[in-house]
Amino acid sequence: MTREGILSRVRAALGRPPGIAPAPPPLYFSPAQRGSEERVAGFTSALEALAGRVVHCPSREAARDAVTAMIAGKSAVASRSSYLRELRLPVDVPDATAYREACATAEFGITSADYALADTGTLVMLSGADESRLVSLLPPKHIAVVPVSRLIDSLDQLLQRLPRPAAQTSSMVLITGPSRTADIEQILVRGVHGPGEITVILVAD
Amino acid sequence: MTRGRVAVFVTCVVDQVFPAVGIAMTEVLQRLGYAAEFRERQTCCGQPAFNTGYWDEARRLARHFLEVFHDAEYIVIPSGSCTSMVAHHFAQLLPNNPAAQQLASRTWEFSKFLIEVAKVEDVGARFEGPVTYHDSCHALRELHVHDGPRRLLARVRGLELREMDAAAECCGFGGTFSVKFADVSCAMARTKIDSILRTKADTVVSADSSCLMQLQGAMRRAGLGIRTMHLAEVLASQ
Amino acid sequence: MSESFVPVEHLRGALADQRLQSAIYAATGRLIEKRAGAVSAEALPDYQQLREQAHRVKRHALDNLDTYLEQLEENIIAHGGRVIWCATGAEVADFILNLAKLRGANLIVKSKSMTTEEIDLNERLEHHRLEAVETDLGEYILQLAHERPYHIVAPALHKTRYEVADLFTARLGVERDLVIENQTLTARRVLRERFLAAGIGITGANFLVADSGAVVVVENEGNARLTSSAPPVHIAIAGIEKIIPRAQDLPVFLKLLGRSATGQPLTVYTSFLSGPRRPGEMDGPEEFYVVLLDNGRTKLLADADKRESLYCIRCGACLNHCPVYRKIGGHNYPGTYSGPIGAIITPQYAGVLKHPWLPFASSLCGACAEVCPVKIDIPRLLLTLRRDIARSRSWTERLAFGAFAWLGTHPRLYSLAGSIAARLAPRAKDGWLRRAPFLSRFGVFRKWLSQRDIPVPARRSFRKYWRDRAKGAPTA
């Protein structure tokens, strides 16, 4: 009804009958630049420039210790990430009924990430068996433990590896630093809705 | 021994209000060995009509221009905005006219002609004092004229070029905009003038007389003793 | 041109407000610098190629919009979402009201969307006693203050911490606090409750991805993520022109958007959402709706010459760089969209004669076109709109230009007219006048002379000089 109305107005505006469109322009990707050492350095400086923290751990054990120290005595909730499970963190993974409340009340949300982008200091989180949305969103502090093998250059490389994110998940979120706003007098404030503190633990594996 | 003939299009503003600019430009061209020719039948490029939406009227002036300059190998113009009108917008106004389409290849804003055709940076000029340069919008953004004037000014003996922080901001002229939106236009001029004052230069130079008219008009009203000069006038000074 | 053509008083008011002036100029100045740093040759060596690619992709998408809309719909449905086609803002509001009633939702949370501003969504919902709480900090402040956004990217550009403190005390009952960080935490606390209690979350969409049935929402605060993840229903509202063909086109657009808007290589959060939660996902909405809005876009689409107006990705760069916007600010533009993009789309949506002054409120400096990430040739479109308007303008103006064109094609009369003007002109020392009582009878001269001196025609024109020179007459 309105659908037909709009589509027929579009077709009339374009002056063409319904049919297949000619092929779109070829895709453009900026070339990948770095080797893996540079990726770690790149990711670290990009995220630190945004007031995120990056911790380099040589092993999973070191990563576990780092997280444990950070959250000592504070409330924390972890995602179902299989990578995190292997670290055996002293953190609850809530079941479906307790999940939302746990995220809403915990001080720390702990996740891994599906990918990390070196150029921009970005974490890529796909909702699914491992990760979900609220655990990296509701708690005021976010810790992500990511093996270095998941570090890629940039968004270009991400979309080259993952041409159809929608085939896998209802939600792919790119997280680049702590939540921020400068809406009042252009003064920067962190943690307005999302986490104000973000720590990424890069694990050499 | 002449380097060739150059047909000058002085522009209606220069012809009627600031003839010294046209005189300076032809002097510089002659000094460099060109035979400057002023075709008497030239009038206006039609930009005011075009910019105000009167394209039929502008078209008539465009056709007249084409007729006057139909066989000129080089057309040199002391104005970024008029050059852009001739070189880019005539083609838009007269899409089926081959002469209009290829006009761009033989139309030159004055500083561009010096740098790219005459291939000269030192024109033997002398001009004492601190000068700041205003990038007129059409010259800068449509003709990509930025470094050229600065290189030419750098070779003027005695001249000290001081960059203003708002060099690339519009002076507020914009043709009929300066009158239809006089308050905004003057507010823009004031911002520009504040930037000029910060350089403590005593002369503002530009490649467009209309910009200079806007700035000079506002500076005089404010009682400021800063002088405006067209790039051609500086380059003609000895 | 009559005085009433231009909203002179209005503009004069904006210019006279020093505080506002400095606020706009400073804020836009900062954004200009940030963008420049982010698109420099070092930071983004392929910036010009990216712009060209973005322009090309948008052109293709809009030239084939019907196909991509259908593809988008097919993919949204395949992932469990629904598409709601709306010709007008009223239809959007009706849809939301009905859904809210069906689901028993009386609280709605909303993240920033110029599209919803365009259709006055909040007003429409409030009329039916449905509260849609703005959650973007700047928009939340404006909602409390009952004001319109000032700038596409920085809506509360004009509000100070003192005004915010007063507002929060008056509307939220909190103690007056001038510390901006505390003000922000107050808003966080208040809004967090709303997110978790709301029945419906409404977002806009920066891009609609046809091959994925997805909406992409970019932000820095996290409120769009919360809006689209916490409530059981997510509605994304977008103009039909937001379509891009492929997910793989996103790197080009995302790189341009953040950098052009605020100088950020990427905004803090970029959400790629393609439907309600899937089996096995812990959270996410149960229901996902994409509202495709026309509201005049098909009208713009129909004008092939001006179609590129629809390529806009709402970065705000043209506003930041426009010397006119930087002087008069966002509230002085009619319609939802201000600055150069507003000056070209508002006349097309509303009809050129509705605000005939708008395309003339530009000096055609071209700064906008230089920074537009999708290479919309805004000055060309302004000129085209002026031509459209001139066709129905006053006959006196047409006559004046006609007379000038006639003179300009009759060189001897042109030259004669020039000599007469020079002779009749008042003599002025060094060629400039402060006052010209006779001339000031004419609006054109009166307006110039009100704030600037005016040059008199030269005693001897250039053509006269040249003629004298040729004759060997004195030329000094």
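**Chain B and its surroundings**

Author: A compact globule of 238 residues would have a radius of gyration near 18 Å, and chain B agrees with this at 17 Å. The radius is taken over C-alpha atoms, and the globule rule is 2.2 Å times the number of residues to the power 0.38. The model is predicted: local features need pLDDT of at least 70, side-chain atom pairs count only at pLDDT 80 or more, and totals for chains, interfaces and linings use all residues. Residues are numbered from 1 along each chain as its sequence is written, while chains are lettered from A and ligands numbered from 1 in the order in which they are written.

Along its principal axes, the C-alpha trace of chain B spans about 50 × 50 × 25 Å. Chain B holds 13 helices and eight strands; these are DSSP runs numbered from the N terminus, with at least four residues (H or I) for a helix and at least two (E) for a strand. Of its 238 residues, 61% count as buried. Buried means that 20 or more other C-beta atoms, placed from the backbone, lie within 10 Å of a residue's own; with 12 or fewer the residue is exposed, and in between it is partly exposed. Among contacts in chain B with a separation of 6 or more, 77% are between residues 24 or more positions apart. A contact here is a pair of residues whose C-beta atoms, placed from the backbone, lie within 7 Å.

Chain B divides into domain 1 (4–117) and domain 2 (126–236), with bounds that come from an automatic or database domain assignment. Taken over C-alpha atoms, the centres of the two domains of chain B are 21 Å apart. Their contact takes 26 residues from domain 1 and 22 residues from domain 2 of chain B. On the domain 1 side, two or more residues come from each of H1, H2, H3, helix H5 (80–93) and helix H7 (110–117) of chain B. H2(B) gives the largest share of that side, six residues. By class, the domain 1 side has 13 nonpolar, ten polar and three charged residues. In this scheme Ala, Val, Leu, Ile, Met, Phe, Trp, Tyr, Cys and Pro are nonpolar, Asp, Glu, Lys and Arg are charged, and the others, Gly among them, are polar.

Next comes the face towards chain C. The contact between chains B and C takes 47 residues from chain B and 51 residues from chain C. Helices of chain B that each supply at least two residues to it include H1 (12–16), H2 (19–31), H4 (55–68), H11 (182–199) and H12 (209–221). H11(B) supplies the largest share of the chain B side, six residues. That side divides into 24 nonpolar, eleven polar and twelve charged residues.

Chain A is not part of this contact set: no contact joins chain A and chain B, and their closest C-alpha atoms lie 22 Å apart. Of the two pairs of chains in contact, A and C share the most contacts.

Strands pair if DSSP finds at least two bridges between them. Strand E5 (residues 207–209) of chain C pairs with E8(C) in the parallel sense over two bridges, and C:Leu208 has C:Ile243 in E8(C) as its bridge partner.

Chain C itself is divided into domain 1 (3–11 + 313–390), domain 2 (44–156 + 193–295) and domain 3 (395–471). The C-alpha centres of domains 1 and 3 of chain C lie 31 Å apart. One residue of chain C, C:Leu310, sits in the loop between helix H13 (297–302) and helix H14 (317–321) of chain C. C:Leu310 is buried, because 24 other C-beta atoms lie within 10 Å. Beyond its neighbours within four places in sequence, C:Leu310 is in contact with C:Leu62, C:Glu241, C:Arg297, C:Leu300 and C:Leu301. C:Glu241 is 69 residues away along the chain, yet the C-alpha atoms of C:Leu310 and C:Glu241 are separated by 6.1 Å.
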